[in-house]
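Open the structure in your viewer and keep the selection panel at hand. The stops below go one selection at a time.

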Amino acid sequence: MDATRNRQVITGMEEFFSRPPTPASDPTTYESAVLDLFRRVVKSVPAYRDFLRRHDIDPGGIVTLADFRRLPMVTKENYHRHYPLAEMCRDGRLEHCDVVAVSSGSTGRPTYWPRSLLDELETTARFEQIFHDGFNADERSTLAVVCFPMGTWVGGLYTAACCRNLGTKGYPITVVAPGNDREEILRVVPELAPSFEQTVLLGYPPFLKDVIDTGISRGMDWSSMDIKLVMAGEVFSEDWRSLVGERTGMRRPSHDSAALYGTADSGVLGNETPLSVCIRRFLAGNPEAAQALFGESRLPTLVQYDPRSRFFETHDGTLLFSADGGVPLIRYHIADEGGVVEYRQMLEFCAKHGFDPLAELGGGRGAPELPFVYVFGRSHFTVSFFGANVYPENVTVGLEQPEVSGWTTGKFVLEVTEDADRDRHLKVTIELAPDEDAGPQRERLAAESIRAQLRRLNSEFAHYVPEEYQLPQVTLLPAGDSEYFPRGVKHRYTRGTSS
């Protein structure tokens, strides 16, 4: 038995119970917080001390934020796969962590991320911000339905733990965790939801849409349950948010759903707020402003974050962060494409383009004075066609148009094929909604809708791809097709070039 751990947990829980749901904004504390984290990691983590030694870094010389920014970046390759797991934990003690999550990454090679209850409390704070500021869950009885896969993956168990932590803090929240079993979700939700004032579904966006659409096809009235959504793992469009909101009866687009920017490496790094959603919806309708802000035509996930908990930096258009955890990370290069925008900078940008998000929200909760981070994801989730990067996010908007959205699930696979003459074609394989049929007319409708949105949203596509090649080749497949849309695995939206 370790009495020290017991006392640490009690102290951590007391701090969590007394912490306000919305982080206070005080930029003067950001620098001291990350420097203090650095000093704690140097003192307690054997692997990081050796990492600095290998790079000829004297920890005593890191005094200012400018010094900190010169530290070498940490990656999976030069750190996590270089040291034994225990040496990367505090005091070199893996047994001080309560749970180990597993992430497969893009290569399929597993990476292990241990954590403790105290680490979960930091992530719980992000869930609290969503449930308090967006859903008013401190005032309304709430059923939280965890629809992420349960098991060694980070999403399900982590989410269930965080929602349960909110219950221990006093929120009237009850958790049920059917995981990504659609039939079990559709069995328990109609039975439990009437006992609560609102129901929150937490899961991956396309899976939640599949659950919602299947429920509608079976006569479920989602609007009677006052549905809210918490999502992670994928970028989705504002057209998608509006479509799902319409089907579930959600009335406040900026408040009724929120995306998490999460990772197995350090839990949740940031979350959508009513303010960030309001701004993103404005940018979705003004592609020129989005291009000016993000430097690209596609729309990223836009969240706010607490720099005292997760400190972001950028490197050549990609993100790195520093955060405490079971494996504390300093200047960890996560390789997601994106950037950081300060709070005042964002409001000034909006004002320059004739938009006042604070006035649009009309006051109240959900507009913390915290910085923003935007995330495109990783570049290998695109395909190149005639030199243009074609992003799944652009195709998604095409499938969310009214003439197409009613008979598709929103899932698709994007790839570039070559015919016998080695001419390249853009191919989109689309999953039909349950009990829907394929046909040439529907294939044509989907292809034309996708082309229209690619032309509108992707200037590279509009200018690089010859007009005669802009109409994609569309194939419609039944829901759950074993090759393209297998059940029970995380969907991938792109494939390499095929012939």
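**Stops on the tour**

Select N136, which sits in the loop between α6 (117-134) and β3 (142-146). Helices (H or I, at least four residues) and strands (E, at least two) are DSSP runs, numbered from the N terminus. The model is predicted, so to speak of local features pLDDT of at least 70 is needed, side-chain atom pairs count only at pLDDT 80 or more, and totals for chains, interfaces and linings use all residues. Residues are numbered from 1 along each chain as its sequence is written, and side-chain values use heavy atoms, with hydrogens and water left out.

N136 is not a glycine, yet its phi is positive, about 50°. N136 is buried, because its relative accessible area is 19% (buried means under 20%, exposed over 50%, partly exposed in between, with a 1.4 Å probe and protein chains only).

Next, select D91, in the loop between α5 (76-80) and β1 (99-103). D91 also is no glycine and has a positive phi, of about 60°.

Now show α1 (3-18) together with α6. Q8, V9, G12, M13 and F16 of α1 meet L117, L118, L121, T124 and E128 of α6, where contact means heavy atoms within 4.5 Å. The residues of this contact comprise 6 nonpolar, 3 polar and 1 charged (Ala, Val, Leu, Ile, Met, Phe, Trp, Tyr, Cys and Pro are nonpolar, Asp, Glu, Lys and Arg charged, the others, Gly among them, polar).
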